[in-house]
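Have the viewer open as you read along.

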Amino acid sequence: MADRPTSTFELNRRLLLKLAGATAAVGGLGFTPGFAAAEEGRPASADNDILDIAIIGAGIAGLTAARDLQQAGCNSFVVLEARDRVGGRTLNHDLGSGYISEVGGQWIGPGQTAVADLARELDVGTFPTYFKGKTVFLGGEKGRVALDLDGTFGTNEEIAAKLSELSRLVPSGAPWTSEKAAELDKLSAGDWLAKQDIRPEDRRSWDVSFALTCGITPSKMGLLHFLSMINSADCNYSRLESIKDSAQGTRLIGGSQILSIRMAEQLGDKVRLSCPVRKISNWNDEVVTLHTDQGEIRARRVIVAIHPALCNQVRFEPSLPEGRSALQRAWPAHSPARKTAMVYKRPFWREKGLNGHTHQLDGAVLWAWDNSPPGGEIGVINAFITNAQLPSGHQDAQMALAKVYAQAFGDEALSPIAYYDHDWGLVDPWTLTCVSAIPPGFWTTYGKSLRPSCGNLIWSGTETAEIWAGYMDGAVRSGHQSALHALNSLRRA
């Protein structure tokens, strides 16, 4: 009788471990350092130099995965980041006096529940993107039209409705599995738009919309991929490509990088900066070796939370399967983007019934918008820039943009108090592109190689997300999924 309680306890413990390995909730599993060795019956002391999990990339995806591991009780991991900061494609610029301006990804919107939940957990507040008033369109030296677009980009609603309906045929997480995949992937979005009898003046709105969301013209964007993006937005085009009640509708107090900064603070010395991974060897063996600028790291599982094209800068020994290698080689990486911030004492345009948004039809400004802090204490105009049409020199670029804003908002725009210019292609070798402009034919050729693991390599990052791929929300979702995958894989080892 004395042995019976112990036996029952052991039975229940084993059952609990099996259930924990299969559950979708990673919190509270009670992992401890070296738990993989203990589960396999090896002394933990013999594996002190072998981590359970190594994560490559301290952007939102990698840090979300690390945070999940920590909350699950798994402390045998490390996060390796090539840059000297965390945040990946999110970055805040300090404007002084406690104000910031985002120079990378910055918005969240309806349906993006994963990133909204993360913000709440990290005690990061939100506020709406400012859009009240008229948007200014500029053409030539004197051409100026101000329109109240009610939080949209002015695209044709009938065409938008057609795209929304068509997107129901394309699963966001696996567009290549659509019954219409072969037919739709032959076309660019430009090919499809050309058949819709769109007026030339309306076509400009579509070109601007694609440039902002996809980084390229509609003629280079695969229709299949674009439809999968709309599918993510509940098959509602306006939820993807507007400001009001859309993916550009909400900002984070403290800027988008605050998510990564706060996660990194919780992780402490688990995050190693300025530590690029140059080579990954033995990825198909029990223990993987990562060769970094700070020495070798050995781990049983590796979460690769970086852009697919950036994987081409890592040497894999042995070589990756051809399908995965081909996907990485073909992945577009030509839209690093340039984003500027012009700062004023106050958002004076609001007093004139303007929302601070402007489009330059034949100039450097693709889209400028009011990026002021929540209370409007100072005025900030951010802009996406066409590099070839704006001087690269800081002072010359500031003067050129101030003249554009003066045409749009009035002469007060000629007197900024500060100017910031961030050209990702020049200052960050680890950010090859800010958005993924997937061309026609890509998904039907390479899609099936996007997510499957290669040995002990688990692919993560926003591009791998089932919904909202390419957005911060997709990054959070991919981080959750990769952490769960790694933990369950170790439990099954």
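W107, F153, W367, W369 and F384 come together as one aromatic cluster. This is a predicted model, so to speak of local features a pLDDT of at least 70 is needed, side-chain atom pairs count only at pLDDT 80 or more, and totals for chains, interfaces and linings use all residues. Residues are numbered from 1 along each chain as its sequence is written, and side-chain values use heavy atoms, with hydrogens and water left out.

**Ring pairs**
- Rings of Phe, Tyr and Trp (its six-membered ring) pair if their centres lie within 6.5 Å; planes under 30 degrees apart count as stacked, over 60 as edge-to-face and the rest as tilted.
- By this rule there are 20 aromatic pairs.
- F442 and Y446 make a tilted pair because their planes meet at 50°, with the ring centres 5.1 Å apart.
- F442 is buried (under 20% relative accessible area, with exposed over 50% and partly exposed in between, using a 1.4 Å probe and protein chains only), at a relative accessible area of 3%.
- Y446 is partly exposed, at 23%.
- W468 and Y471 pair edge-to-face, at 5.1 Å centre to centre and 80° between the planes, and both residues are buried.

**Charges over rings**
- A charge sits over a ring if NZ of Lys or CZ of Arg is within 6 Å of the ring centre and within 35 degrees of the ring normal.
- K339 places its charged end over the ring of W107, 5.7 Å from the centre.
- R350 lies over the face of Y130, 3.8 Å from the ring centre.
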